[in-house]
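Student: Hi! I have a structure here that I'd like to walk through with you. Could we start with the charged pairs and go on from there?

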Amino acid sequence: MKVCFITYGCKVNQAEALRWESLLRFQGYIITDNSAEADFWVINTCAVTQKAEIQSKQIINKARKLNKKTLVTGCYVELYKPQQTENLKIISNYKKDCLINYFQPINKTDTSNISRHRAIVKIQEGCNQFCSYCIVPYLRGKPKSYPVKEILHQIKDYEKMGIKEIVLSGVNLGLYGIGLEERVSLNSLIKTILKETSGFRMRLSSIEVNHINDEFLEIISDKRICGHLHIPLQHGSDRILNLMNRPYTIREFIERIEKILTHYPEISIGVDIIAGFPSETEKDFRKTLQLIENIGFSYLHAFTYSGRPFTKASELPEQIPENIKKERTNILIEIGKNKKIDYIKKFINSELEVIVENRKKNVFSGTSDNYIKCLIDNKELVEGSLIKAFVIGMDGQHCLCK
């Protein structure tokens, strides 16, 4: 039987899908990216943004129309609870860890595998921050952490497959340890993984700035830790940050970023920015632009604010018109492109550590440890390998390597 995973949203959803894929391969199922040829769909939905919500609704409706055997889970189903049919079964976000139990083994194999060369591992679930724009705490619940032994077991499975990069993911990584009897933290978990494994590099999907302490900065000096941090900022105005219920001020954020860059001048730092939050003035927006221009971010993800059910921000007065929100988002996107290009230029005529991922004719694409997408002209390469690539130029937002 052929199974297709259709995943929307965050790296936590991606981590879940990769784990399910690995387990189903072990049980004898064939995993395909071609939804048309699949006998069974597993849809992991998202409702963090209005766009993700629409995509999730559309794919569920398509499954119904095709009468495809389907399991649906994720944040969208938790929010809207779509109706089940004989072929379309709904699994709550809170029960998705048991999703694999819906499949009976066909012919167990000696090995499992995944379709990607960079594996994502979920170490933590849920959040208690309740940012005023975010629906996630209502859909994924209170913080929950997975035991160290369980995480190590999953990582070692990927290690046996030859995976050369492990990405640690969670709804709020810095909350790792909450809900466990053992006294552990994100810092202690990373140390344990480094001590008990080898042969791959490790990346963090995202981490809040208030969880970056001096011990963390010392830990990431290890050569196996990728030179890349994604740190949500969300806005450059203290007034807006306060309305967002973010746990830091602009000054605190800047001081921490400057400390990171002092320790690691070439590190890649990416940020999230929300444009058009309720009551955002032109002055507020200019503060965001000024902050982005003045600090050494290497890229940014710009999001257009969309009101989410249950959230305090959706009830605030002075909602920003859609045309202004989109205009501000587009400005941020252009600045982000330029920041990324400026960052990439620094590495021309130098070496990057790259995982070889895909091949098109004789050109391979890959991802560097500092999160630059690379194009490598070398037909002798092997997909999944970790190599040193020499940067000879640029093509848009890609490094050209040999």
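Student: Are Glu-53 and Arg-308 buried or exposed?
Tutor: Both Glu-53 and Arg-308 are buried in this predicted model. Their side chains meet in a salt bridge, 2.6 Å from N to O. That pair links distant parts of the chain, 255 residues apart: Glu-53 belongs to helix H2, and Arg-308 to the loop between strand E12 and helix H11.

Student: How many salt bridges are there in the whole structure?
Tutor: A search finds 27.

Student: What does Glu-125 pair with?
Tutor: Glu-125 forms a salt bridge with Arg-140, and the closest N and O atoms are 2.9 Å apart. Glu-125 lies in strand E6 and Arg-140 in helix H4, so the pair ties together parts that are 15 residues apart in sequence.

Student: Why does Glu-125 count as buried?
Tutor: Because its relative accessibility is 7%, and buried means under 20%. Arg-140 is buried as well, with a relative accessible area of 6%.

Student: And which residue meets Glu-353?
Tutor: Arg-201, in a salt bridge of 3.4 Å, N to O. Here strand E13 holds Glu-353 and strand E9 holds Arg-201, 152 residues apart. Arg-201 is buried, with 3% relative accessible area.

Student: Which residues make up a salt-bridge network?
Tutor: Salt bridges that share partners join Glu-16, Lys-96, Asp-97, Lys-122, Glu-125, Arg-140 and Lys-144 into one network.

Student: What are the neighbours of E17?
Tutor: Strand E15 pairs with E17 in the parallel sense over four bridges, and Ile-376 has Cys-401 as its bridge partner. E16 and E17 run antiparallel, joined by four bridges, with Gly-393 opposite Leu-400. The hairpin of E16 and E17 has two residues between the strands, and Gly-396 there takes a positive phi near 65°.

Student: Where is Met-244, and what does it touch?
Tutor: Met-244 lies in helix H8 and is buried, at 0% relative accessible area. Setting aside residues up to four places away in sequence, its contacts include Cys-131, Tyr-133, His-235 and Phe-277.

Student: Last one: which residues make the nonpolar surface patch?
Tutor: Phe-130, Tyr-138 and Phe-310 make a patch of about 310 Å². Phe-130 sits in the loop between strand E6 and helix H4, and counts as partly exposed at 38% relative accessibility.

Conventions: Residues numbered from 1 in each chain as written. Predicted model: local features only at pLDDT ≥ 70, side-chain atom pairs only at ≥ 80, totals over all residues. Heavy atoms only, no water. Pairing = 2+ DSSP bridges. Buried < 20%, exposed > 50% of the residue type's maximum accessible area, 1.4 Å probe, protein only. Contact = heavy atoms within 4.5 Å. Patch = residues over 30% accessible without salt bridge, like charges linked within 9 Å, V, L, I, M, F, W, Y side chains within 5 Å. Areas by Shrake-Rupley, 256 points an atom, 1.4 Å probe, with all protein chains shown as cover. Salt bridge = Lys/Arg side-chain N within 4 Å of Asp/Glu carboxyl O.
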